[in-house]
Amino acid sequence: MSYIYYPGCSLESSGKSYDRSTRWVFKKLGQELTELEDWNCCGATMYMSIKETISLVFSARNLALAERMDGDLVAPCSSCYTILNKTNHILKDNFILKAKVNQSLKRDGLEYNLKVNVRHPLDVLVNDIGIEAIKAKVMRSLKGIKIAQYYGCQIVRPDGVFDDKENPKTMDLLFETLGAENVDFSMKVRCCGGMLMTTFPDVALKLNKEILECATENGADCVITTCPLCQINLDGYQDKINKRYNTNFKIPILFFTQLLAFALGADRYETGFEHNLIEVGEKITGGLV
Amino acid sequence: MMALHTSREPGELDKKESELRAAFLYQVSNIPGGEKIKKCIQCGTCTGSCPVSYTMDISPREIIALFRAGDLESIFFSRTIWICASCYACTVRCPQGIKVTDILYALKRMAMEKDLFPKKLPVYALSRSFVSMSNLFGRSYEIGLLLLYYLKTKPLKLFSLLPLGYKLMKKGRIGVLPKRVKRRKELSKILKEAEIMEMIVPVTALPKKESGALV
């Protein structure tokens, strides 16, 4: 099986470590990721708020480009993943919108026929490649690391394609098998507020404080996530939260692929740990990277 | 709220409300399963599941009730639709299968289209900034987006972002220059056509003469 890779805009800047570690993990596991040629922004939640048809066209251009290639489309950013999937759903259900979208895409000789399967790398890693195959390549045990598995909202909602909408377990299973301990974490699919950090910071700070509180109170050494927006909110705003709520958070927030890359033997550059704002300390690395 | 006019039959909407409603129903008809809005039992599961409903002035449940009462303007001018973070908790828990999040999206689009929304709320400015960046480069440009947004809304706030910006810069997490798609010219052709498509409303979705009936 070959995979087409759709990094998305965040993975080119603030989510660099997600991009690097995902590519590295797939390569290590012998799977080829071919980057989608000349992809564009998926439109995110914000385009959808303004114009319906145009936002669908934006997102469908990527699907049309992917349709010319062979394989499933892999999107690590939870938001891209949801938007691309949602575009598939809407166009499948509404032939008028599909006709409008294709009429627009035609201006660059493109057409979309609903044939692209949009996948999340977590789904591919666990359900295609398999936990046992991953385990066979592990070079460092994660024993002793306590993890809060934070899925965020966009990866299992609204459709729950590969896991439960309320209590997903894919990531828990993966890291448990690799030796880590999962702490109780009732906030695993709670929303971090996303762009509310920009538009309504008071609301978003409170949401993030609650997530950090739940993780630390249950003894987590780190939080792992699948979403660039969750990562930057939780990683970048801990200082601000500490100041406002008189708390003492200093917990590393990792992309799940970073920790996976570490377990598979990646060096410091390959894990992307250097890009984390809250330092990924020895408790996790054991001084190995 | 809808004013009481004796010249109309009970349940009949005034012209503006019925036009708004027809346009909204068209938007909702594009949501797969959108017609389920009729089946709301007002149980409040949406409100209870929403992580930000505590800060809304009108709860998600009340939004549906207001819509049924024919009062779209109160909805547009509430904080509610602008504060939704699109996390879909309400949607997956609704016992009637109503896609509440998508309905809020449709309401947002309607409000902006009709220019009926509280101008002081910043969501519109952010979305607009996002759209201009994406149209220009084909990809989102985080720094450009934030600069444009804060300049439009609260320029002084930019200073308070400096510490985080500095940290991100030091850690190599800021893309100083925008990334662009290669086929920008062709992309803008596509988008121009899409803009025309956006305006076409199929005949079947046009408001009927007797659109006063309540959902």
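Mentor: Let's start inside chain A: the centres of domain 1 and domain 2 of chain A, taken over C-alpha atoms, are 24 Å apart. Domain bounds come from an automatic or database domain assignment, and here they are 3-119 for domain 1 and 131-285 for domain 2 of chain A. Keep in mind that this is a predicted model, where local features need pLDDT of at least 70, side-chain atom pairs count only at pLDDT 80 or more, and totals for chains, interfaces and linings use all residues. Residues are numbered from 1 along each chain as its sequence is written, while chains are lettered from A and ligands numbered from 1 in the order in which they are written.

Trainee: How many residues does each domain of chain A bring to the contact?

Mentor: Two residues are in contact if their C-beta atoms, placed from the backbone, lie within 7 Å. By that rule, domain 1 of chain A gives 22 residues and domain 2 of chain A gives 28 residues. Helices are DSSP runs (H or I, at least four residues), numbered from the N terminus. On the domain 1 side, H1(A) gives the most, with nine residues.

Trainee: And how many residues of chain A are in contact with chain B?

Mentor: Chain A has 52 residues in contact with 53 residues of chain B. Helices H3 (52-67) and H9 (201-217) of chain A are among those that each supply at least two residues to the chain A side.

Trainee: What about helix packing in chain B?

Mentor: One pair to look at is H8(B) and H9(B), where B:Phe130 and B:Met133 are among the H8(B) residues that meet H9(B), and B:Leu148 and B:Tyr149 are among their partners in H9(B).
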